[in-house]
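This report describes a two-chain model from its coordinates. The sequence and structure are shown first, and the description follows.

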Amino acid sequence: MSDEPVFTSRDRRQFLKGLGGFALAIPFLPSLVAREAAAQGMPNRKRFAQLCTAHGGLWHNNMFPSVSTLTEQMPFKGRTARRGDLRLSPQGTRTGISPVVSSAADRLTPALLAKMNVVAGLDIPFYIAHNTGAHLGNYARNDGNGSDGMMVQSQPRPTIDQIMAWSPEFYASTVRRRVMIVGNRLTYFWSNPMTRMGTIQQVDGTIDSLELFDQVFGPIMVGPARRPIVDRVIENYRRLRTGSARLSTDDRRRLDEHMQGLSELERRLSATVSCGTITRPTRGSLPVIRTMDYGRNPASQAQAYQLYNDVIALAFACGASRLAVLYADQTFSTFTGDWHQDIAHKAHLPGMTEQRTIVASHQHFFSEIFLDLARKLDAITDTDGTVLDQTLLVWSQESGNHTHENQSMPLVTFGGAGGALRTGSYIDYRETSREMGSRFQGTPEPRYTGLSWNQWLANALQVMGIPRAQWEESGGGYGVPYVGADYRSHYPAAALSGLSDPLAYLRR
Amino acid sequence: MKLRRRVVRSSVAALSCLLSGAIAACTGQIGSRPGDPFADGGPPSADGSPLADGALPTDARTPVAPAFRCDPAQTPLELPLRRLGRAQYTNAIDHAVRAIDGALVGEVRTAIAPFMDRYPQDHLGASIDGKHGGYASADQTVQQQHIDLSYDVATRVGEVLTRDAARIGRVFGACATDTNTANDAACIDAFLDSFAARALRRPLSAEDKTFYRTAIGGRTAAADLADLVALVLSAPQFLYHVEHGAAMADRPTRFQLDPWELAARLSFHFWQEPPDEALREAARTGALATDAGFAAQVQRLFDDPRTERALDRFFREYLWLDTLPSLDSRVGDPVFDAFRAEVSPSPALRNAMIDDVLSSARNTIRTGGALTALFDDRRSYARDATLAGIYRTPVWSGTGDAPTFTEAQRAGLLTRAAFLSTGTINTRPIIKGVFIRIGLLCDPIPAPPNNAAATPIPMLEMRTTRQVVEALTEAEGTPCAGCHSSLINPLGFASENFDALGRARATQRFFDAMGRVVGEAPVNTRSTPLVSGSDPRETADAVQLTRTLIESNRLQACFARQYFRFTFGRLERTDGSDDCALSRLHDAALAGRPLGEVLRVVAMDPAFRSRSFQ
């Protein structure tokens with residue numbers, strides 16, 4: 001018997017049932033939840049989720065549809081932007097648009113494909129190997145493996161998920177959890193989020209799906225419920241903060257930050273979740289992760305991530321949280337050796353052994369995790385469609401078609417972000433008339449320059465309804481507008497200007 | 001000879017050290033420091049001749065230029081309002097509960113365990129390059145999880161301490177359960193004097209008591225008392241190191257810590273927990289404010305077994321022990337299984353390797369050895385039979401004299417298995433070199449060039465790990481050679497006569513995909529490590545490298561920096577304002593004072609006993 005969730009159009013209430021023993025007893029009606037939210041005048045029902053994977057190094061002919069499917073074109077940013085409709089075709093025993101973006105025919109359906117976009121030609125125009133920060137806009141979070149990476153380490157930025165989370169335009173009312181975070185070193189914000197002051201620091205995530213559940217749906221208090229005392233705790237801090245005892249300016253700043261955190265706690269403790277009866281799952285991801293062969297068992301890895309997906313979907317359905325970011329640092333492969341060295345760093349070799357391993361890994365991630373979440377969100381009705389229709393669901397990878405180079409980092413999206421995005425497209429912004437730099441020894445694929453990842457980040461913020469004043473760099477776009485010395489000659493000025501402009505073919 | 005694909009892959013897998021978060025390549029430009037890697041080193045050797053096998057010339061000990069220049073007029077900066085580290089936090093909860101009823105500590109631990117499982121780990125900070133080394137004490141981020149979970153913990157402890165009337169009577173006294181409301185205020189004050197005074201690490205002022213009494217309405221109902229506990233355990237004085245200091249007549253920018261603040265600093269530094277009764281008494285009487293009283297307490301705390309907990313943490317972080325990879329992830333792979341042969345890598349073996357190093361540090365301190373004794377300690381502290389087998393020594397019982405290494409090439413620290421093992425079949429000379437250069441010598445290594453990862457890996461014939469690394473990083477004309485051939489690789493090559501499980505070897509074996517040995521080649525450990533400046537002398541192996549490191553007198557300055565970072569939770573400043581504290585540590589280490597004494601120097605330093613309020 002399959003351990004996959006059951007999805008049928010007749011019984012969407014079961015959408016989270018049957019997952020490897022993880023069964024949320026949720027006799028709630030998502031459609032009612034959505035209507036209730038609408039009735040409460042929720043000004044913004046959009047959801048944003050981004051699933052981020054490490055490495056990359058996928059050849060474009062494995063990741064993207066054939067360029068022959070690009071049937072439309074228009075001048076854009078000093079180049080020709082191209083677009084075509086996404087169309088399913090056989091991919092071995094699966095169906096899809098490319099070897100990676102493929103799945104079983106009953107999972108990747110034409111209806112779902114119509115809600116997807118695949119974008120080529122979004123670049124980071126400098127060298128930023130070994131990073132987890134680029135996905136969401138904090139390029140400073142990299143390992144410094146290269147002078148460019150070292151250069152941007154001194155220029156941290158909050159990540160776009162946190163920009164959304166602390167924007168009153170996104171959360172006009174109280175939620176239990178602003179952002180659901182799975183994994184670490186992915187999301188960053190100011191130490192004093194409300195004032196956007198202090199230092200930019202990591203916001204920790206979890207790898208425990210039960211913890212994720214508790215963060216969203218309530219603490220695991222054991223004893224009898226008591227009236228919160230957060231107000232008195234805050235008063236105790238205020239007493240110290242404003243008292244006469246000697247403190248440094250920075251001591252007081254730290255106290256302010258703590259009081260801000262207490263206010264956030266107080267706010268969340270007063271939040272209610274309208275989801276009917278939700279039973280805490282009895283099984284979480286940790287037992288799966290702790291199995292001996294987890295690191296080389298793609299099925300187990302998928303199971304753990306599907307447990308996160310369950311919580312994300314449920315939270316999105318309820319509006320208990322409308323933001324989620326997830327860092328998937330597993331290999332999704334049975335490979336037992338040094339993935340980084342023996343696979344990722346050899347992705348370019350023409351022998352293709354390593355590339356095939358990478359393709360299988362990413363196909364598994366797409367089909368079993370990314371598509372899994374998309375399907376779950378699409379199974380929940382919302383006003384005027386499904387939750388997926390209100391969502392911008394993103395899959396980003398660390399590299400482009402050459403490991404540790406960031407030209408044409410593949411971007412796959414599901415959902416229309418409440419009508420802000422045009423979907424069903426394969427979009428290509430690459431300037432394919434001229435190769436960028438020399439090829440690795442024997443590598444079969446060239447690199448071409450595209451448009452800036454900063455422009456994508458800016459577009460993501462805009463489609464989620466976040467005013468420019470809350471994030472825009474002085475020169476436009478989002479993220480440090482750095483261009484590496486070795487890269488400058490390859491990028492025409494037009495590609496790196498107007499970085500807040502709507503991306504062609506993507507925005508409505 | 002051409003080998004099959006898998007053989008070649010196994011060979012070049014040694015490059016994992018090169019590109020996996022370490023030094024990918026190097027531009028070869030050595031800046032000045034914090035730039036000059038040899039700023040604290042002495043002149044190069046007189047003759048530049050290779051070292052003969054065996055001892056260095058007796059006059060090889062390098063004179064040392066002053067590494068730090070103390071200017072007492074400078075004012076060191078302080079980290080603002082340091083929070084308790086994770087271990088300090090849990091210890092502080094135990095301590096407060098134990099002060100009122102030791103029998104409840106276990107129940108409280110169990111009750112808060114679900115929250116502590118989720119309390120953020122402390123991440124390493126104060127690393128010179130942001131990616132190598134570092135100390136958890138430098139993690140001063142305050143996440144929302146810290147706030148949420150400390151609130152949950154405080155609330156939960158309050159619930160446990162007020163579970164029922166009998167419990168309330170035990171914890172708060174009979175005054176909390178009787179029907180007399182007239183004694184409620186005194187009852188609350190008494191609890192504040194016991195529990196809160198220990199939790200907040202100082203007696204409460206009248207204003208403090210009024211606040212807490214008022215916050216619970218002056219009542220002693222169970223819910224009110226639970227709130228009282230929660231308020232105390234959520235207080236800034238509990239979660240942070242709150243210090244106000246007192247003006248110093250001769251130092252307008254420095255403020256002397258008061259005895260209670262000093263007691264807390266001392267106990268958290270040495271024990272990672274709040275002051276015990278003796279230290280509190282010294283604070284209460286003012287004895288701690290005297291030099292003699294302070295010194296006596298420093299000695300007492302250092303001699304207490306609890307100090308080992310903090311020192312173990314320091315040595316784990318100083319020596320990058322937590323970077324020791326998992327040793328068993330490749331078990332089952334035919335090539336790895338053939339390589340490991342009779343050795344069974346396991347998490348227990350990994351722990352044993354780490355414990356071997358920590359035991360060496362403990363023994364060095366216990367026996368009064370100097371810092372340098374840690375580096376040439378040739379005893380095996382293998383309490384695990386597998387590790388003892390690797391070392392070819394008897395299993396150590398854990399007490400008494402540990403057996404001595406039987407292999408002549410096993411030099412001491414640098415040849416302990418924890419520094420050699422990789423979890424693969426290949427050694428990682430670059431990682432070893434980076435550790436010595438950055439971790440033990442505190443030399444900066446410039447950023448690698450952008451295209452380091454693009455360097456094609458040559459798929460050639462059978463070669464040793466050293467040969468592969470040399471071909472990739474030391475080839476003439478490559479941007480890598482400048483650093484790798486001088487600063488990094490030679491330090492790592494010196495111990496290539498040990499394999500990736502720490503076993504001594506003279507040759508490196510090569511395997512095919514089925515794990516069959518298809519060849520072997522002799523290893524080469526000779527190198528020019530450039531420990532001090534442009535010293536061109538060659539060392540034969542790790543034994544000579546260890547001696548060169550010791551005799552360079554450069555380990556001590558780096559150790560001073562490292563212990564400073566651990567103690568103060570930050571990098572030393574480059575403007576010299578930390579040089580007084582650093583120079584005292586350095587001087588003590590350089591003078592060959594016992595390591596334990598060196599570690600106590602930091603607490604005796606004025607920077608430890610006072611602070612600024614910029």
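## Confidence and conventions

Chain A has a mean pLDDT of 88, and 90% of its residues reach 70 or more; pLDDT is the predictor's confidence in each residue, on a scale from 0 to 100. Over residues 1-41 of chain A, pLDDT stays under 50, and for this stretch the model has 70 contacts beyond four places in sequence. A contact requires the C-beta atoms of two residues, placed from the backbone, to lie within 7 Å.

The model is predicted: local features need pLDDT of at least 70, side-chain atom pairs count only at pLDDT 80 or more, and totals for chains, interfaces and linings use all residues. Residues are numbered from 1 along each chain as its sequence is written, while chains are lettered from A and ligands numbered from 1 in the order in which they are written.

## Composition of the chains

Chain A contains 13 helices and 18 strands. Helices (H or I, at least four residues) and strands (E, at least two) are DSSP runs numbered from the N terminus. Of the 508 residues in chain A, 58% are buried, a class that requires 20 or more other C-beta atoms within 10 Å of the residue's own, with C-beta atoms placed from the backbone; 12 or fewer count as exposed, and values in between as partly exposed. Among contacts in chain A between residues at least 6 apart in sequence, 70% join residues at least 24 apart.

Chain B has 26 helices and five strands. Its 614 residues are 54% buried. For contacts in chain B with a separation of 6 or more, residues 24 or more positions apart account for 71%.

## Interface between chains A and B

The contact between the chains takes 58 residues from chain A and 55 residues from chain B. On the side of chain A, the elements giving two or more residues are helix 4, strand 11 (197-202), helix 7 (230-242), helix 8 (249-269) and helix 11 (339-343). Helix 8 of chain A supplies the largest share of that side, eleven residues.

By class, the side of chain A that touches chain B has 17 nonpolar, 24 polar and 17 charged residues. Here Ala, Val, Leu, Ile, Met, Phe, Trp, Tyr, Cys and Pro count as nonpolar, Asp, Glu, Lys and Arg as charged, and the others, Gly among them, as polar.

## Helix 4 and Val152 of chain A

Val152(A) lies in helix 4 (residues 147-152) of chain A. Val152(A) is classed as buried because 26 other C-beta atoms lie within 10 Å. Leaving aside residues up to four places away in sequence, Val152(A) touches Tyr139(A), Ala140(A), Val480(A) and Tyr482(A). Val152(A) and Tyr482(A) are 330 residues apart in sequence, yet their C-alpha atoms are 7.6 Å apart in space.

## Strand pairing

Strands of a sheet pair through backbone hydrogen bonds, in a parallel or an antiparallel sense. Two strands are said to pair if DSSP finds at least two bridges between them. In chain A, strand 10 (residues 188-192) and strand 11 pair in the antiparallel sense over four bridges, and Asn192(A) has Met197(A) of strand 11 as its bridge partner. These two strands form a hairpin with four residues between them, and Arg196(A) in the turn has a positive phi of about 55 degrees.

Chain A also holds an open sheet of three strands, in the order 4-5-6 with antiparallel pairing. Its edge strands, each pairing on one side only, are strand 4 (89-91) and strand 6 (102-103). Strand 5 (residues 94-96) and strand 6 of chain A pair over two bridges, with Ser103(A) as the bridge partner of Thr95(A).

In chain B, three strands form an open antiparallel sheet in the order 1-2-5. Strand 1 (246-248) and strand 5 (610-611) of chain B are the edge strands. Three bridges join strand 1 and strand 2 (residues 251-256) of chain B, and Met248(B) has Arg251(B) as its bridge partner.

## Helix packing in chain B

The axes of helix 11 (residues 259-271) and helix 14 (residues 307-318) of chain B come within 6 Å and cross at roughly 65 degrees. Axes are lines fitted to C-alpha atoms, for helices over the stretch in contact, and angles run from 0 to 180 degrees between N-to-C directions. His269(B), Phe270(B) and Trp271(B) of helix 11 and Thr307(B), Arg309(B) and Ala310(B) of helix 14 make the contact.
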